[in-house]
Amino acid sequence: MATTQLDEPKGGGPGDLALRMLRAMPRAWNRFWRLVALYMPKRLYARSLIIVIAPMILLQSVVAFVFMERHWQTVTQRLSQATISDIAAVIDMMETYPHDADYANIIRIAQDRMQLKVDLLPPDPLPPPGPKPFFSILDEALSSEITRQINRPFWIDTVGNSNVVEVRVQLEGKVLRVFVRRSQAYASNTHIFLMWMVGTSLVLLMIAIPFLRNQIRPILTLAEAAESFGKGRPMPRDFRPRGAEEVRRAGFAFIQMRERIERQIEQRTAMLTGVSHDLRTILTRFKLQLALAGGKSETKAALNQDIDDMQSMLEGYLSFARGEAAEDTGRFDLNAYFHKLGEEAQLRRCKLTTTLTGDPAVHVRPNAFARLLSNVIGNAFRYAKTVEVHANHGRGSLTVTIDDDGPGIAPDKREEVFKPFLRLDEARNLDASGTGLGLSIARDIARSHGGDISLEDSPLGGLRAVIKVPA
């Protein structure tokens, strides 16, 4: 049995258009929310205020719109309808009883019974239409009712006197002028409702803002304590978990985590210190035995060199494990350090250029930070003839850029060189001591300050090292 397969419609059909629109909707929705996130406040306090204020504004806007649409406009329409009905009745009486020349009785009845001040003017042309107010609900209501009930040429003024509305109607051989109190044709007590809405909103905000501030303050305190601990600075002495139960639980968990980390660091440092002490004793014994033993001086010199290398490696291991974590933060003068670098560059016969932007004083752990810079800049001195160091300190951050013209590092190995005990076999070995810990110690110090180190291509043709730390 043969079957025939129908081809799908191609190009431009309503089905294809609907399918493309359906596929584009998620992308448009994602773009919309990315745009909202771009302009949204980034701080928790501001976002919390928006969470409180936005529904309140939305709710009151809806209530005000419904009130304006259903109550205010309806009441104004009914009042305007009644007022124009009275004016139409006055016109009907004038046309029904034309024998009364001055219409004194009709004017009296209109004033006493209808609260309308009626005048008769000469049959001059009506004034030109005046500018309508921005919010012209009364003008629209009066105009529509005059057109519907009277259907004569008219002119109204709702702007001139704020308490009185003037209406002029063109009649045969005369112009009827009527003054009406605004309260007769307009729901003038609506501002009380709006004032109540605004007043209650302000009262709610006065209660919500201090409450939110008190709820968010413990979160900010916890964030500051965690940031200080991440930068290696002591935590505030008065820090203790406060606020809601979830915030207190996070605070207690942070304190326990900090204690475990500090205890682990102390145990590791104590263990390696003990191992270092024992190994130093053995190395000292080896040196003494070599000094007392006879033999060729070449063999003794080689053994002494091996012992010195072992001792250097041991010091490197201990320094890497310790990480200078116990040092307190203090003031570090970049100008003074750059001056020392200039002297070292002269000894190494290297061309050094240093520039500084911003405050030369930074708040770091001085000895550890000096070692960080020495490890990175010292390698540049070792493998290059020209070194440029630029420091930029501002907005709570310090960026130090070191460029050199020496042999660089392949891009695929720039992250591997930060691993402990890794040595490069190429021309540039970033740790001359042979332990493979130069950059590992430098990155460990940078991250203990809350920063990091990255390697890039240098404009000088060699390697660029970028050190970024909060300061």
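This is a predicted model: local features need pLDDT of at least 70, side-chain atom pairs count only at pLDDT 80 or more; totals for chains, interfaces and linings use all residues.
The side chain of E166 meets that of R168 in a salt bridge, with an N to O distance of 2.7 Å. Are the two partners buried or exposed? E166 has a relative accessible area of 11%, so E166 is buried. R168 comes out at 18% relative accessibility and therefore also counts as buried; the cut-off for buried is under 20%.

Now the chain as a whole. There are 471 residues, and 33% of them count as buried. The secondary structure consists of 11 helices and 11 strands. If we take contacts between residues at least 6 apart in sequence, 65% join residues that are at least 24 apart. The accessible surface is about 29600 Å², and carbon and sulfur atoms account for 58% of that. As for salt bridges, the structure holds 11.

Next, helix α11, residues 438-448. Why do I call this helix largely enclosed by the rest of the structure? Because nine of the 11 residues in α11 are buried. The buried residues are G438, L439, S440, I441, A442, R443, I445, A446 and S448. Just after the helix, G450 takes a positive phi, of about 90°.

R443 has 9% relative accessibility, so R443 counts as buried. Which residue does the side chain of R443 meet in a salt bridge? The partner is E415, at 2.7 Å from N to O. E415 sits in the loop between β9, residues 397-404, and α11, while R443 is in α11 itself, so the pair ties together parts that are 28 residues apart in sequence.

There is another salt bridge here, between D452 and R447, whose closest N and O atoms are 3.4 Å apart. D452 has a relative accessible area of 29%, so D452 is partly exposed. R447, at 45%, is partly exposed too. Taken together, E415, R443, R447 and D452 are linked in a network of salt bridges.

The largest has 40 residues, and the members that touch the most others are F332, F369, L372, V376, I402 and I467. Which elements each supply at least two residues of this core? They are α9 (334-348), β7 (361-364), α10 (366-383), β8 (386-394), β9, α11, β10 (452-457) and β11 (463-470). Of these, α10 gives the most, with nine residues.

Leaving aside residues up to four places away in sequence, V376 touches I402, L439, A442, I453, A465 and I467. Two of these names came up with α11: L439 and A442 are among the buried residues of that helix.

Apart from this core lies another, of 30 residues, which include V90, Y103, V167 and V178.

A380 has a relative accessible area of 1%, so A380 is buried. How many residues along the chain separate A380 from A465? The answer is 85, and the C-alpha atoms of the two are separated by 9.4 Å. A465 has also come up already, as one of the residues that V376 touches.

How values were computed
Residues are numbered from 1 along each chain as its sequence is written. Side-chain values use heavy atoms; hydrogens and water are left out. Helices (H or I, at least four residues) and strands (E, at least two) are DSSP runs, numbered from the N terminus. Buried means under 20% relative accessible area, exposed over 50%, partly exposed in between (1.4 Å probe, protein chains only). Contact means heavy atoms within 4.5 Å. Accessible areas come from the Shrake-Rupley method with a 1.4 Å probe; for residues, only the protein chains shown count as cover. A salt bridge is a side-chain nitrogen of Lys or Arg within 4 Å of a carboxyl oxygen of Asp or Glu. A nonpolar core is a set of buried Ala, Val, Leu, Ile, Met, Phe, Trp, Tyr and Cys residues joined through side-chain atoms within 4.5 Å.
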